[in-house]
Amino acid sequence: MALPFFDSGFRKRRDQMLAVDLGGRTTKAVHVQRRGQALALCGYAVLDTPISDKALSADLLSEHLKAVAQALQAKTKHVVLTVGVNDSLVRHAEMPRLPVDEMRLVLRHGSRMYLQQELTNHLFDCHVLSADHQLKAADGAKAPASPPKQKVLVAAVRKQIIDDYVEGTRRAGLVPEQVVPALICPANAFELALPDVFANEVVALVDLGFKASSISILQQGELILSRVVAMGSDKLTTGLAEALNISYPEAEGIKVGMPAEVQMQLESLVLPLGREFRASIDFFEHQQDRAVSQVFITGGSARSEPIMRTLQQELMVECKMLNPSTFLQMELPPQQAKEIEQVAPQLTIALGAALAAL
């Protein structure tokens, strides 16, 4: 699944790709290359994202991407970027049976009708989830009163953000291939990391971001529900710093590195987030009459045992940290090869974006 707001239109199959997840605090980037029918992870980078109250300008992005490219030291210049959950919208809708290009045009002129929101100066993309059966009228039967509809996943983002992303990428000497919403990337990575579970079970994917977190519920490989919660690791770290009267960097280190010492404080901070996720699961289970069997969690905070334990207690479903790199051949520098298992949950969105472009 790609849902690209921007697509270079170049249809030749790339043999390698850079993917950059522009997070609220850290940027995660990967270099993925084809090896016959397999894929190899050739390098990754985790850098501080430039501080900005708004989406990165073309100038800021250009300098930042130069640093990312230098850190990856990859030969390819082709790159896919992600737009974060706070800057993009992903929503289900029922759309007429039209080609995707025409659906984009319909949304541009009538977003309120399909998304209950007026989205001017936005770009749209659509992914058909499951089409209804075509109505086949018998001889002499009356034609349907209205055109048949299909279930569609719609993504939207402000045009200015994409223009800045594309311009900044080009100024950095890179070739923009696609710009995709970050929300759909964990599902892409999950599909290849655990294909049997993806195809046969009902699972929830939770990404613990910096400013916001997201939950996506998949039923036999189809994205049924997604929701963004305005609470992330920043709020957890800030709350921990205030409770212990320590600095933000100290709290960030303790949150992951010394979890036993802050278990009670972390539990009280994580509980509201867990309740929001549980509400989403309850809504899904009530609507679909299906139970979520497992929850897979990504993001840097997934490495914290108290956070994982608290989420499992609140969600009442088995929670696991997702390693999205298990399907990849490892062709990493020695130091990165030692650290990949620990870093992998942070790379989920970047890996999912690379798969969308490849």
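## Strand S2 and its partners

In this predicted model, strand S2 is joined to strand S5 (residues 78–83) by 3 bridges, and the two strands run parallel. Within that pairing, Val-20 has Leu-81 of S5 as its bridge partner. On the other hand, 7 bridges connect S2 with strand S3 (residues 26–35), and here the strands run antiparallel. Leu-22 is found opposite Thr-27 in S3, and the two strands make up a hairpin in which 3 residues lie between S2 and S3.

How many of the residues of S2 are buried? The strand, which spans residues 16–22, is mostly covered, with 7 of its 7 residues buried.

## An open sheet of five strands

Elsewhere in the chain, an open sheet is built from 5 strands in the order S12-S11-S10-S13-S14, and its pairing is mixed. At its edges are strand S12 (222–229) and strand S14 (318–321), each of which pairs on one side only. From one strand to the next, the twist averages 20 degrees.

Strand S11 (residues 213–219) and S12 run antiparallel and are joined by 7 bridges, with Ile-217 standing opposite Leu-225 in S12. Helix H4 (residues 185–193) lies across strand S10 (202–208), S11 and strand S13 (294–298), and the helix runs at about 125 degrees to S10.

Side chains of opposite charge can pair when their charged atoms come close. The count for this model comes to 18 salt bridges. One of them is formed by Arg-14 and Glu-177, whose closest N and O atoms are 2.8 Å apart. Arg-14 belongs to the loop between strand S1 (6–7) and S2, whereas Glu-177 belongs to strand S9 (residues 175–181), so this pair ties together parts that are 163 residues apart in sequence. Are these two residues buried or exposed? Arg-14 counts as buried at 17% relative accessibility, and Glu-177 is buried as well, with a relative accessible area of 5%.

Lys-151 counts as partly exposed, at 33% relative accessibility. Arg-227 forms a salt bridge with Glu-276, and their closest N and O atoms are 2.4 Å apart. Because Arg-227 lies in strand S12 and Glu-276 in helix H8 (residues 263–288), the pair ties together parts that are 49 residues apart in sequence. Arg-227 is partly exposed, with a relative accessible area of 30%, and Glu-276 is partly exposed with a relative accessible area of 30%.

## The protein as a whole

The secondary structure of the protein comes to 11 helices and 15 strands. Its radius of gyration is 21 Å, close to the 21 Å given by the globule rule for 358 residues, so the protein is as compact as a globular protein of that length. Taken along the principal axes, the C-alpha atoms fill a box of roughly 75 × 50 × 40 Å.

Of the 358 residues, 53% count as buried, and the protein exposes about 17,100 Å², of which carbon and sulfur atoms supply 49%.

How values were computed:
Residues numbered from 1 in each chain as written. Predicted model: local features only at pLDDT ≥ 70, side-chain atom pairs only at ≥ 80, totals over all residues. Heavy atoms only, no water. Pairing = 2+ DSSP bridges. Helix = DSSP H or I, 4+ residues; strand = E, 2+ residues; numbered from the N terminus. Axes fitted to C-alpha atoms, helices over the stretch in contact; angles between N-to-C directions. Contact = heavy atoms within 4.5 Å. Buried < 20%, exposed > 50% of the residue type's maximum accessible area, 1.4 Å probe, protein only. Rg over C-alpha atoms; globule rule 2.2 N^0.38 Å. Areas by Shrake-Rupley, 256 points an atom, 1.4 Å probe, with all protein chains shown as cover. Salt bridge = Lys/Arg side-chain N within 4 Å of Asp/Glu carboxyl O.
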